[in-house]
Amino acid sequence: MSRTALRVCPLCEATCGLTLTIEGTRITGARGDAEDVFSKGFICPKGAALGALDADPDRLRTPLVRQNGRLREASWEEAFDAIAAGLRPVVERYGPDAVGVVLGNPNAHTVAGALYPPLLLGALRTRSLFTASTVDQMPKHVAAGLLFGDAHAIAVPDLDRTDHLLLIGANPLESNGSLCTAPDFPGRLKALRARGGRLTVVDPRRTRTARLADRHVAIRPGADALLLAAMARTLFAEDLVDLGALAPHVEGVAELRAALADFTPESVAPACDVEADVIRALARELAAAPTAAVYARIGSCTVPHGTLASWLVDVLNILTGNLDRPGGALFPLAATARAPRPAGPGHGFQLGRWHSRVRRLPEAKGELPLAALAEEIDTATEEGEPIRALIVVAANPVLSAPDGDRLDKALGSLDFMVSVDPYLNETSRHAQVVLPPPPPSQSPHHDFVFNAFAVRNQVRYNRPALPLEPGRMAESEILARLTLAATGMHGADPGAVDALAVEQTLAKAVRDPDSAAYGRDPGELAGLLTGESGPERRLDLMLRLGPYGDGFGARPDGLTLAALLAHPHGIDLGPLRPRLPGPLKTRSGQVELLPAPLAADLPRLRAARAERPAGLVLVGRRHLRSNNSWMHNVPALTGGSNRCTLHLHPEDADRLRVLDGADVRVKGAGGEVVAPAEVTDAVRPGVVSLPHGWGHGRPGTRLGHAATTPGVNVNQLLDGSLLDPLSGNAVLNGIPVELTAVLPGESN
């Protein structure tokens, strides 16, 4: 007998609602939930394949513990005993910074991944934190922090109401969106054009998104900040600046005008390989549109001037009056966010509060660059101890960080490593203990992270579609026990971790005059919380104290967990609304248009106007049926267009005598790889493209399907030396490479 269950898809940032068909203990089908308040039935190939990913036979089902050099199956008790015995001596002898923590992208897709790592880090007190953000989005966080005083105050394009959308380095028809949570991004772009709006795409590749656009500008990789600076300068030069309702909330307009004065379209055009008249036209079109939004993503972040480019995106939205207005770019308000409080000056945002040990790289948002992880393990200096132990949660930095070969060796030299991962992959194979979380069907789901970037305010929650299999442990309990074992409290009740989080949150809320819980008894409030588990009680607490919450009875119609459970397809909270000055946490209480760190980095951008690549440069790309390195073991999501091939333009192929389908050797500063060529005019001349997330099949992994078509690790072409200096983000796009055809019979 089959049944159905609802589930929000956890496989990308679109967060589409699914209706699962379940027979016994298996998902046998997945279709879009037509009644979902946000996605309204949309589904992509990843969501349709959820059942296959959920039942992947290579998923680990029991913990693994290393014994005599080999990983063996073990009980949960053995695993956590080994963690306590392995981690605590490192902390006690060398200090907490000798224990590194690496958090990967999938953490953002689970309830436990959002709730527990902050508790682990707070209890461990290590500064050696590395995440996927510094190979992806950190420039946007730093730019938002400097402009608005809050690194999480990221404005998203109002896709459903805008008249003009300028996309830079983004390909949402393949990625489904990033830092912009929007189910059916393709449909939303088509609707924009159908209502008479205009779509412009700036990208060195003619992507699926670019083919949909009214205008495609094939910029030279890495030149985004120059283009944006010249557009802003054009707005000033042609008296097109109009802040509108933003004017009372913005400072530094005159200073910005002076700082950008020499970024004329003519001065940047050669470096961008975009004509000056086209640059002016882009600025004029933006200013003339009734409403408009500029949105940029990974292609503009993973370049030498990523933070400046991210800043200039918001600058253009501000100068045209499109920030914080319907049809422009607005700040979402998630149901579990902190309730809005009276506007006023805040603490601001600081960079470089501490530095990495080897290269003295500054932290950003509490994180060190992932590109520095290997050297922080394998290099001795007089500046403190190297990292001797590592906690890796849902991350595979051997494939996602630059120079994976060096990191691979460094991981093998650690005193101890624990990995929370469903797979024995290129990174977790080095661990002394591997803790496998259950599959999505056996886990609850709420989007704590992605609702903060959603193009419409809404809230959804799913309990597990299936009960935990015998021998499994909930991810929340895994991470709670890991926190206890890593911080000297091994053996304590894991429920105490949630209880402490609730106690601390309520203690703070009852002392806050702006909180709905102000002056009340925290014990009484804790007794009002509902839920079947610690994570559910914490979700109930966040909903009640959040911007739409019931305030523990103060607003009877407000949100609670019970209300959410009564609406299985979610609750629509309405379109995005203007919120300024509320989100501002700068010391001035205003949008600080020209923060000092950004002004200090402008000379480096000026110098880039004279830079020209001498040869080929490499950019990455995404596939619709993939998400970084963690979906290549599902047959339904590989093959077809989702292959690891090198795209190069026919002119470059002819010049280098490379035939379509033939192997080509690609050499960069960090090493070389050999991949099959795919000759296509989808890339501009002088540019080649390899997808990221490949390079499977190292010894000791258990990824049977992925190993049959391993592909190559594009990040091996990097040596980790190229970083955006403000954010520490790795430079992954626009890097110089050399190409040579692999001759028949030549060894790879």
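Predicted model: local features only at pLDDT ≥ 70, side-chain atom pairs only at ≥ 80, totals over all residues.

Colleague: Why are α10 and α15 called roughly parallel to each other?

Modeller: The axes of α10 and helix α15 (residues 306-319) cross at roughly 25° and come within 9 Å. Angles under 35 degrees count as roughly parallel, and therefore α10 and α15 get that label. α10 passes α15 in a left-handed crossing.

Colleague: Which residues make the contact of α10 with α15?

Modeller: From α10 they are Asp 224, Ala 225, Leu 228, Ala 229, Met 231, Ala 232, Leu 235 and Phe 236. From α15 they are Leu 308, Ala 309, Leu 312, Val 313, Val 315, Leu 316 and Leu 319. By class, this contact of α10 with α15 has 14 nonpolar residues, one charged residue and no polar ones.

Colleague: What makes α12 and α13 roughly perpendicular to each other?

Modeller: Helix α12 (residues 265-272) and helix α13 (residues 276-288) pack at an angle of about 110°, and their axes are 8 Å apart. The range for roughly perpendicular is 65 to 115 degrees, so α12 and α13 belong in that class. The crossing in which α12 passes α13 is right-handed. On the α12 side the contact is made by Pro 265, Glu 266, Val 268 and Ala 269, and on the α13 side by Ala 276, Ile 279 and Arg 280. The contact of α12 with α13 has five nonpolar and two charged residues, with no polar ones.

Colleague: How do you know that α20 and α22 are roughly parallel to each other?

Modeller: The axes of helix α20 (residues 495-510) and helix α22 (residues 534-545) cross at roughly 15°. The cut-off for roughly parallel is under 35 degrees, and α20 and α22 are therefore put in that class. Their axes come within 9 Å, and α20 passes α22 in a left-handed crossing. In α20, the residues Asp 498, Ala 501, Val 502, Thr 505, Leu 506 and Ala 509 meet Gly 534, Pro 535, Arg 538, Leu 541 and Leu 545 in α22. The residues of this contact of α20 with α22 divide into seven nonpolar, two polar and two charged.

Colleague: Which helix gives the most to the lining of the second largest pocket?

Modeller: That is α10, with three residues. At least two residues of the lining come from each of α10 (224-237), α24 (596-607) and β26 (735-741). By class, the lining of the second largest pocket has 15 nonpolar, four polar and five charged residues.

Colleague: Which two residues does a cis peptide bond join?

Modeller: The cis peptide bond joins Leu 580 and Pro 581, and omega is about 5°. Pro 581 is found in the loop between β19 (571-575) and β20 (591-592).

Colleague: What is noted about the phi of Arg 125?

Modeller: Arg 125 is not a glycine, although its phi is positive, at about 60°. Arg 125 lies in the loop between α5 (117-124) and β7 (129-131).

How values were computed. Residues numbered from 1 in each chain as written. Heavy atoms only, no water. Helix = DSSP H or I, 4+ residues; strand = E, 2+ residues; numbered from the N terminus. Nonpolar A, V, L, I, M, F, W, Y, C, P; charged D, E, K, R; others polar. Axes fitted to C-alpha atoms, helices over the stretch in contact; angles between N-to-C directions. Parallel < 35°, antiparallel > 145°, perpendicular 65-115°, else oblique. Left-handed = near helix turned anticlockwise from the far one by under 90°. Contact = heavy atoms within 4.5 Å.
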